[in-house]
Every structure is written in C-alpha cells, then in structure tokens.
Amino acid sequence: MATSLFLLLGALSFIATIQGQDQSGFISIDCGLPENYSYVEKNTGISYISDANFIDSGVSKIVSPQDKATHQQYFTYLRSFPYGTRNCYRINNVTINTEYLIRTSFLYGNYDGLNKLPQFEVHVGTNLWDTLKFSDASVSIYRELSHSPTRDYVDICLVNIGTGTPFISAIELRILEKNNGPSSSSVARLKGLDLGSKNNSTCRYRDDIYDCLWEPYSVNGWRQLISTNIDPNPTQKKADIDNIYVPPASVMRTAATPRNARDSLDFYFHLDYVAHIYHVRFYFAEVQKLSANESRSFNISVNGNYWEGPIVPTYNQTVFYDFFSTYFERVSEYRFSLLPTEFSTLPPITNAIEIFLFKDFSQPQTQNDQVDAMRNIKIAYKVSKNWQGDPCAPVAYKWDGLNCSSVGTLKITALNLSSSGLTGQIVYYIAKLTDLESLDLSNNSLNGEIPDFLADLPSLKVLNLHNNNLTGQVPNALIQRSSEGVLSLRLGQNPNLLCESALCDQQTKDKSKKNNRVIYILASISAILVLLLLVLATVNIIYIKKRKPKDYFKVHKEFSDQTGSQLESKRRRYSFNEVSNMTNNFERVLGRGGFGTVYYGIIDDIQVAVKMLSQSSVQGYQQFLAEASDNYSLLSSL
C-alpha cells in the first residue's frame, strides 16, 4: 500500500529535481531593504536583495532594537502599506508551469510604536492565500505555498481588510520541479515538523537544498533517538521513486518515540477549515541498527479508526505515508496514534511530519496581453492611481477607471483616464485593449496626431479626446464610423486639430452655434443690466431732486417794516419748484462761492438771495448747513 501512496503523491505533493548548492532558482527579497542594497545572510549563506524593483508603493520601516537583535537579518526591515487597499509585488521572469515553493515572512516587531497587532490578507494573484493573525509582536510567522505559475510573473498582494496596516518582511521563491504542467490547484505547506530535533532550531538551507523550513517539535513523555552514523537520503531524494522530495538528512537522522515500549505515539492536529482538503504526510526511517531479537512495527489509527499498518521502518532508508482528510468524515480535529503491534519489541517512531492544505486558485484573471498593456500604459503616463495586481479581479479591487467583462477570461471593456494629467502622445499600448467599448482621454495635455489604430478597435463605441492639444488630421476611418452612427466621437477644444470633412464642419458649426448662443445670452443679459442701471439712475435722480429742497437749498430773507425800526428775520424750507419759481428758473446769478452758485430771487415781492450747494463743492454738506444757520440774518434784502 505504501508504494501506491507514493505514486499518488507524485501529482499532489512537493516534487523536485535535484539542484546544486549554488542557489539556482532562488529569489530572495528583503522587503523594505533600501534600494540597491544586498547582503548574504550569515546563518544560511542565502543572498538577499532589496524589494525596490518589485513594488512601487509602501514605506520602509525598521523593527524595534530588541527584535532586530534576536531575529535573522531579513527581519530587520519591513515594508508597510498604510495607503491603498491592495498593494502588490510583481515578481517577473518566473518559469511558466514550474513548481515553486513561495514563502512570505512577517515580523511585526512594533515597527510603528503602536504595539497593536494587525490582521490582513495575503493574495497570490487574484486568489486568497491566507488571512494573517499575530499573537505576539516579537514572534515571526511565515506562510509556504507550492504553486505552479501559469504566467511569467507572480503577484504577491497584501490586502487591507480594515483591521490594521498590512506589512511584509521577506518574499522567497525556490524552484521545486520544472515542466509540472498547468494546474489550478496549489498546496499550502502549513507545517514541516522535525521530530526529535537535536538542537531545537529550525532546519533550512543549506541542510535542505530546497530551503523548506523544518521546525523542531516535541511533546512531554517523548524521548529522542539520534543517529550520526547514517544518511537516509544523501541526495535528499527517494531512490526508488524518482524526483520525490523527502526531508534532509539532518531531519531524518533524528526521531521521536514514547518512553515505554508498549505506549502509543500520539499527535493532535486542529484544522481551521473543515470543508477544505488537508493532507498529512508521515516520514519514517529507522535510526537504530536493530539486533536479531529486536523488532519495530506499528499501526496508525485516526480518531480511533485503523488507517495504515503494520509499518516497519527500514534502516538507512526514508519512506512516507500520506493521509487525506477525505479518507474519513471531515472534522475539525484529528488524533493520529502510532500503536505498537503485538510482536513489536520496540516502541513506534516517526522522524518528520508535514501538513498541507489544498488551495483552489481558480479565480479568473485578466487576459494576459491586456495586463501587459495596462502596466505599460501606467508606466508611459506615470499614472498615479493605485493600480496594483490584476486589473479586473477580484472585482472588489478592480483598477480605478476600468470596466471589465465578467465571463471567462476577464477583458477590459472601458478605460477612463479623463483629467489624469496625461502628457505626450496617445500610446500604442492602447491598441492591445482589443475589447474596449469606451475610451475617455479627455481633459489632459495629450499632443501629436490621433493614431489610426484607434479606428481598428473593433468594439469601440465611445471615443472622447475632448480638451487636449492634439494636432493633424482626424483619421478618416474614425470620421466614417462616427458618420455611420456606430461611434460617439468627441474632439472639441483641440485648437490645432485639422479636419476637412463635412462631419468636422458640422462639428465646427455646432460649436459656432453654441458660441453664438452664448453671445446672444450675454448680450441679452448686458441689455437687461443696462436697462436696470438706467431705471436705477432715473429713480436716484428723482430721489435726489425730491431731497434737494430739503437738504441743499437754504433761502434767507431780511426785511424791515415801513418804519424801519426793527428787522425781522425768517427761515424756512422751500420745495424745489418754489425755489425754481422764485428765481425764475435760476435765471440771474449773483455770484459764486465755495459752496456753489448764488441766485437772485423774489418771495412775496421781497428780494432774496438763493444759495445752492454744488455737488462738486470742496466743502461739505454739514458745513453748508452750519453757515446757513449762522449767517442767514446777514443776508440783505435787495
């Protein structure tokens, strides 16, 4: 049965070709490391580079001094993403249909001084990989995934779900197997456990040539078996089954076993996602050279039900058995028990365990050539929008300004870059968006001629190039499509754009009509304003005239009785008409003073002087009244 399990696993598990120790196929990115920096990590000898060429968002941060001192060098820096919902690393030049181990590492390290643990998602392309939760600011966590890219790049995205700012410390890719064929399934490697570890430290490269992580694991009541005289897998490869990955020799040289020969060796695994398919792999290699009267054999049960056995580990040879959660009723917790058989003189052992979770990475992606076109448009126009990851998917993170089809492979149907500060010419990359129905490049500073390829977009129904600096002739094919009513074409406010067709003439006339209408409206408004001003002026004059006899005319008279024994002075206000009558319509001027003109007048056969305050008088109205009050008795009758 073991052999059949080996063959089954060939399509499902980590399969690897043998590589040398030159880190061939390794991509090791220290996130947040300053641009152009690189180093060789002293514990592993792995070369790390800056992430500056893989992402154009986020900010570099450093963990606390305490965490810096107690962790590997690639945990010193991290990249934090306080802005944008989705921020993505684009890792280019990966090999299509090649199985990679992808590992992301995280250490919060109180980098922001808030001591508040975040929670966020990690995506691979358009698919959710995992939701990250942290239990301790000073404890690092990692996620490993076996994945075969279907394109020549991989997007690793950090997604803000409203529970803290996403960040990442390191991204590592390792080639496991070439030409593995396309697959929509990926396998998350949840744990690699090194049972009976002799130094209580994590095993990785250079011990493991594929740089998988093996964490030490032990339980009270177990004891450790160690052999230094054997090498169960010198090439880290199963000899009788080509290219199947097995743990490194340093892991397989040690084993865990119960202290008493008749005791069982028990493991408990709690699974978070009952509906998903889990895969648990047990590795066995005998680490002791048994004498003739010694034997070791055992069975494996799952939740009290027999699963596999008897298993007899072979000295200096690695074998493994695989359990899938589909074998029994799916539950949230599994208890694996290794039980000695009746004739076994030695207790059960196991050397290593791996736990996997199958991932359905079948979410649709945007058509590949359109993804490339959009990225080139972003670079050419230096678009400042948060365009990260796949342009169309997931729908919640679709790029601003895009509309996409929703069936099968996603295609871009609308691109709106209006008022985006675009400069330069209309770039040819737009021609790759062959499913465009609407293109809006209005209100920018684009120059040059309108390219012919826009007329070759077969589905284009709306083209808005309004308010740019475009020049030259409008392509006849665009004008033809517009005149046929299959294309809505806006070309206005491009002052240097030439067009001799009837359609463009009509557009010019329409524009002139619009301008004339504006002129007519403005003229009408102006006429109304002038009329209103005239009315207001007339009302004001009438008002002033009505006020003049009260405020601007003072008539003074002085007379004596027939005896001349006494002068009697009188002062009162007169209307404008009365003053006009008494002066015979201001006929006779007696003189001019600082306040204005003095006229001759007659009131009741008495000669008077009428003084009028001029609007241009340099002296004020109050002074005029004061003088009239003080001096009216000095005015002589004539």
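In the predicted model, F323 is buried, with a relative accessible area of 2%. That value falls under the 20% limit, so the residue counts as buried. Y327 is partly exposed, at a relative accessible area of 35%. This second value lies between the 20% and 50% limits, hence the intermediate class. The two residues also form an aromatic pair. By the ring-pairing rule, the count comes to 34 aromatic pairs. In the pair of F323 and Y327, the ring centres are 5.6 Å apart and the planes stand at 90°, so the geometry is edge-to-face. The centres lie within the 6.5 Å cut-off, and the angle is over the 60 degrees required for that label.

Aromatic rings also meet charged side chains. R281 lies over the face of F320, at 4.3 Å from the ring centre. At W214, the charged end of R189 sits over the ring, 4.7 Å from its centre.

The largest pocket holds about 690 Å³ of space. Its lining comprises 23 residues. Those nearest the pocket centre are D130, R143, L190, K191 and D272. By class, eleven lining residues are nonpolar, nine are charged and three are polar.

An open sheet is built from four strands, in the order β27-β29-β31-β33. The pairing is parallel. The edges are formed by β27 (423–424) and β33 (497–498). Each of these edge strands pairs on one side only. Within the sheet, β29 (residues 445–449) runs parallel to β31, and three bridges join the two strands.

On its other pairing, β31 (residues 469–473) meets β33 in the parallel sense over two bridges. Here G472 is partnered by L497 of β33. Q473 has L498 of β33 as its bridge partner. In a regular strand, side chains alternate between the two faces of the sheet.

How values were computed:
Residues are numbered from 1 along each chain as its sequence is written. This is a predicted model: local features need pLDDT of at least 70, side-chain atom pairs count only at pLDDT 80 or more; totals for chains, interfaces and linings use all residues. Side-chain values use heavy atoms; hydrogens and water are left out. On a 1 Å grid over the protein atoms alone, a cavity is a set of points where a 1.4 Å probe fits but cannot get out, and a pocket is an open set with protein on both sides within 12 Å along at least five of seven lines; lining residues have an atom within 4 Å of a point. Grid points are joined across faces, edges and corners, and a volume is the space filled by probe spheres set on the points. Ala, Val, Leu, Ile, Met, Phe, Trp, Tyr, Cys and Pro count as nonpolar, Asp, Glu, Lys and Arg as charged, and the others, Gly among them, as polar. Rings of Phe, Tyr and Trp (its six-membered ring) pair if their centres lie within 6.5 Å; planes under 30 degrees apart count as stacked, over 60 as edge-to-face and the rest as tilted. Buried means under 20% relative accessible area, exposed over 50%, partly exposed in between (1.4 Å probe, protein chains only). A charge sits over a ring if NZ of Lys or CZ of Arg is within 6 Å of the ring centre and within 35 degrees of the ring normal. Two strands pair if DSSP finds at least two bridges between them.
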